[in-house]
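These are my notebook entries on a single model, written down in the order in which I looked things up.

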Amino acid sequence: MDLDRGRPVWPQVADELRRRIEAGTYAAGDRFPAVVELAAEFDVAASTVQKAVAALRAEGKLRTVLGQGSFVADLPAKGA
């Protein structure tokens, strides 16, 4: 994914991760990749990925379990 470095990066990362969740790349109940792993993939700082993950958590797309990591939340069925 090519990031537009001329605008804030974390929303672009959040958009891509949201797209992956909605496409089923990361399925409901799956453990979400670690922040450091995603930071390396996107070639951004870990804090950038943390902001993106926080936004997805606020949207209800991810849930975090202390000491275990983040997991893809169950998404409502389309059309429901």
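**Entry 1, R20.** I looked up R20 and found it buried, because its relative accessible area is 11% (buried means under 20% relative accessible area, exposed over 50%, partly exposed in between, with a 1.4 Å probe and protein chains only). R20 has its place in helix 1, where helices (H or I, at least four residues) and strands (E, at least two) are DSSP runs numbered from the N terminus. Not counting residues up to four places away in sequence, I found R20 touching T25, Y26, E41 and F42, contact meaning heavy atoms within 4.5 Å.

**Basis of the entries.** I note that this is a predicted model, in which local features need pLDDT of at least 70 and side-chain atom pairs count only at pLDDT 80 or more, while totals for chains, interfaces and linings use all residues. Residues are numbered from 1 along each chain as its sequence is written, and side-chain values use heavy atoms, with hydrogens and water left out.

I then turned to the packing of helix 1 and helix 2, whose axes are 12 Å apart at an angle of about 110°; axes are lines fitted to C-alpha atoms, for helices over the stretch in contact, and angles run from 0 to 180 degrees between N-to-C directions. The two helices are therefore roughly perpendicular to each other (angles under 35 degrees count as roughly parallel, over 145 as roughly antiparallel, 65 to 115 as roughly perpendicular and the rest as oblique). On the side of helix 1 the contact is made by V13, E16, L17 and R20, and on the side of helix 2 by L38, E41 and F42. Sorted by class, this contact has four nonpolar, no polar and three charged residues; Ala, Val, Leu, Ile, Met, Phe, Trp, Tyr, Cys and Pro count as nonpolar, Asp, Glu, Lys and Arg as charged, and the others, Gly among them, as polar.

Helix 1 brings V9, W10, V13, A14, L17, R18 and I21 to the contact, and helix 3 brings T48, K51, A52, A55 and L56. I count by class nine nonpolar, one polar and two charged residues in this contact.

I followed L56 of helix 3 further, and it counts as buried because its relative accessibility is 0%. Leaving aside neighbours within four places in sequence, L56 is in contact with A14, L17, R18, I21, K61 and L62.

How do the axes of helix 2 and helix 3 cross? They come within 8 Å, crossing at roughly 110°, and the helices are therefore roughly perpendicular to each other. This crossing, too, I recorded as right-handed. V35, L38 and A39 of helix 2 make the contact with A46, V49 and Q50 of helix 3, and these residues divide into five nonpolar, one polar and no charged.

In the loop between helix 2 and helix 3 I looked at D43, which has a positive phi of about 60° although it is not a glycine. D43 is exposed, its relative accessible area being 59%.

My search of the whole structure for aromatic pairs returned one. The partners are Y26 and F32, edge-to-face, with 5.0 Å centre to centre and 70° between the planes (rings of Phe, Tyr and Trp, the last by its six-membered ring, pair if their centres lie within 6.5 Å; planes under 30 degrees apart count as stacked, over 60 as edge-to-face and the rest as tilted). Both Y26 and F32 are buried.

Buried or exposed, I asked of V53? V53, which lies in helix 3, is buried, with a relative accessible area of 5%. Apart from neighbours within four places in sequence, V53 is in contact with F32, L62 and S70. A58 also lies in helix 3, but with 71% relative accessibility A58 counts as exposed.

Definitions and conventions: A crossing is left-handed if the near helix is turned anticlockwise from the far one by less than a right angle, and right-handed if clockwise.
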